[in-house]
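Hi everyone, thanks for coming.

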Amino acid sequence: MKKLFLLTTLLLFTLKGFSQVTTSTGITIKDEFYNNRQLIEILQDLEAKTNIKFKYDPAKLKGVYASYWFDNMALEVGLKGLLKGSGLKFYVDDNQVVNIISKTDKVYVKSSYNSGTYYGGNAGDAPIVASPTPNVQVGQVQTERPKIAIVNNRATDKPARKFGFTFTGRIIDARTSEPLPFVNLTIKSNKTGSQGNVDGYFTLLNVPTDTTTLTLSYIGYITTTIKLVPDAPINGVTIEMEPDNAELDEVVVKGEKTEVLKAAETIGMFKMTPRNIAKLPNIGEKDIFRAFQLMPGISAANQSSSGLYVRGGTPDQNLVLYDGFTVYYVDHLYGFFSAFNSNPIKDVQLYKGGFDAKFGGRISSVVEITSKDGNKRERNFGGDLTLMSANVWAEGPILNKDKRLTFSVAGRHSWAGPLYGTIFDSFNSNSNNAQFSGPRFSQTTTTPSSYFYDLNGKVTFKPSENENISLSYYSGKDNLDNSQNILSPFGGNGGFSNTDLSQWGNTGSSLKWSKRWSDTFYTNALVSYSNFFSDRDNTNTAEFLRGTEVRTVKFGSLESNNLRDVSAKFDVEYKTSSKNSVLFGLQYNKFNIDYTYSQNDTLEIIGKRDNGGLMAGYLQDEAHFGDFTVKGGLRMSYFSPTKKTYFEPRLSATYAVNDRLKIKGAWGIYHQFAKQVEREDITNGSRNFWVLANDTYLPVTTSTHIILGASYEINDYLFDVEGYYKDIQNDSRYSLRFTPQIGRGILAQETFFNGTGKVKGIDFLVQKKFGDYTGWVGYTIAQADKNIVLPSGESNFPSNFDVRHEFKSVNIYKLGRWDLGATWIYATGRPYTSIVGGYTVRLLDGSERTFTDPSTTNGNRLPDSHRMDVSATYNFGHGSIGLSIYNLYGHSNVWFKKYQTLTDSKTNEKSLSVTDVNYLGFTPNITFSYKFK
């Protein structure tokens, strides 16, 4: 019994000691409200009223303003909210003194028990390190005073003084003052709200009272709740939002929420930011388009392409806008990742279908990319280094004294690292299928080489609070040189010279002027230029020694595609009331598209030089009737090559059954005037080229979208389903056949075939939106068919990317400073056209050519594919280092079938060889990222 008494006493003292170590000031503040006051004044007032001691460097707090309501809360809890967004943190030492320091400071506590209690704007801002010799390094705090900063205001007992008013302003990043586009603002009491525009401006009409609570949500940023305060400004307000991981050593305060993926806001729409893409496994670069391939309805079956195959469509059917100008080709390194560097990008929105009337010229989807304006507070720079490329960026104000002029620039270039070499070797060893039927050669004298680069730049000038002028630029290029010289192994004369040089890329630029003329009227004017080019020189020279005579044979092909698009557009946004808004605008595009394909240097097989203008205007109205929202629009386009006017009505609607369940639908007609067709080549690999529609053999493509779906949210989970149907008219297929003609050699026959297409499917999404563990599961069941009469007489066949079933699992887990990710993808096999036989024809010059017989179009299916990718990223200070593994268990997924005609050296009989060419197997990659501030 005595032992039990001693043990109990010891336990009580231990618990008491533990309580003393972890207990903070124990002070509760009942009712103190501070509205846009200097932080030093607030601390002095709290010190006088609570007798708590504050310790700080006045120079570091000078010019820092804050607004906060202490409402019956512990001092420590209130200080967290008070200091949020200020660049400051605090801790309570053993003497119960509250120390206010910079977030970059390291805190040293002399106690061997490390009993100092640490608090900050976010928990975990810096470690508490036990040390007998403190050496605190004081950092900098932001002293720029915003027009008004609302930082998590608590409720106030002051009575409302304004009713049914308009609340306007701009939403910016708390760290960089970068405007945040398309932020959602919601009035908490009645669930109504508005969305900011591309420049961050918002107008919230008919706000009930000036004590109303608002919720702001934006992908990659902590959801912010603010409560309006009587007598506070309601016009031109600047609201700051904190990134979910603004500093890599921060841990988000429990209870504050941020999403990795934003879905179901608008029918068929996904939103993601580069900040969150870095958490996903990658094949060598954090890639926006690869991340979108993880969503339901966007196929990931073509693992060699970062292009978006959206609901049975092809990449050329997607309208990709970068700061307003169109990007016509989105691949680097044969498509293994996209042409967009994620570092200078701020926001990306993807519409899978049913998109608004302001978008035109494509029949499948829209990708709208907004780049960064640049940090308005300070200059910063950094970069990434991977096993395949190096990436650097810089941003900030151009002039120290004038923060209205900012810049953002980023550049990326490949280097001959191990991962780049793996992809390069895999592609080139498998894709060059043309077989030279002469004698074998050896002694290659040159080595294939390849590189890519891209450059992004933007300069933004803000003449006034409500006006922006920006100049944006993008350029990207791939260069592949497989040229080689091979000498005969028998000595003497003879050999084979091959020029195999491919170059492709994009250049684009836009100049934008936008102005907010009033709380309800906003205009945006833009002029732009875009150029896509693709050139391939695949010519050969072979020399043969026959007796004493040297014969030279020249053959091969030259191919070039060049597209130029000059455009101007003017958009207007007008809010007529709190329940209605109108959008309208005009757009003009001038197209010049050239395509040539020739053989043997002189024979031009295809020569197209297209020119045309496209004039479009649109009008759209969005109206809210209680829980029902309807958006109707009409786009009208005049296309000069056909001299016809095309009408595109659009309609979408949502109905909120309750706070959790929403029903949605959309219908629309869409046209495509510039389109890409495929030059089919079964043995050497098909190639695509851009052409302009006309009124003869290549009509304008039309697609009708019908979408119906529903979403349900409960706690941290989202359940979303959308069924869709697309009816495509004037779908085109191209054929170039080479047939032997007696006495005439080889005849090239070029034909365009036009028909229809049908796509139907259902997308399912289950998303875990918030918490340390986030992710989603997506499943798509779909069917895409063509009805085009071909030379063989067949007409009904599956689309090239008719993937019937796709399942995707995405998992992200935050463990302290670690971000862990894992994805698993399963897809049924894609259709393909095989070779079933062949024949040989002797030409007039005595040479022989071998021709093949194809199977029925897309009459075969590749095997089902699946793979798992994993990643682990460690975040530290101003950087991170991550390991990503593509295809973790090394499953062999078939890329395509390789066909070769083999000749038996003894019998001279020919046979057909078929080989599976696979995608990449187990492929690791390391990424190191660092920013200097």
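Before we start, one term: when I say strand, I mean a DSSP run of E with at least two residues, and strands are numbered from the N terminus. Please also keep in mind that this is a predicted model.

So, how many cavities of 30 Å³ or more are there? The count comes to 14.

Let's begin with the largest cavity, which has a volume of about 240 Å³. Its lining is made up of 19 residues, and those nearest the centre are P281, N282, R290, A291 and R867. If you want to find the surrounding elements on your screen, look for α6 (288-292), β49 (818-827) and β54 (865-876), each of which supplies at least two residues of that lining.

Now for the second largest cavity, with a volume of about 160 Å³. Here 17 residues form the lining, and R311, G312, A782, F801 and V803 are the closest to the centre. Which strands each supply at least two residues of this lining? They are β18 (298-299) and β46 (773-787). β46 gives the most to the lining of the second largest cavity, namely four residues. Sorted by class, the lining of this second largest cavity has eight nonpolar residues, six polar ones and three charged ones.

How values were computed: Residues numbered from 1 in each chain as written. Predicted model: local features only at pLDDT ≥ 70, side-chain atom pairs only at ≥ 80, totals over all residues. Heavy atoms only, no water. 1 Å grid on protein atoms, 1.4 Å probe; cavity = no way out; pocket = protein on both sides within 12 Å on 5 of 7 lines; lining within 4 Å. Points joined across faces, edges and corners; volume = space filled by probe spheres on them. Nonpolar A, V, L, I, M, F, W, Y, C, P; charged D, E, K, R; others polar.
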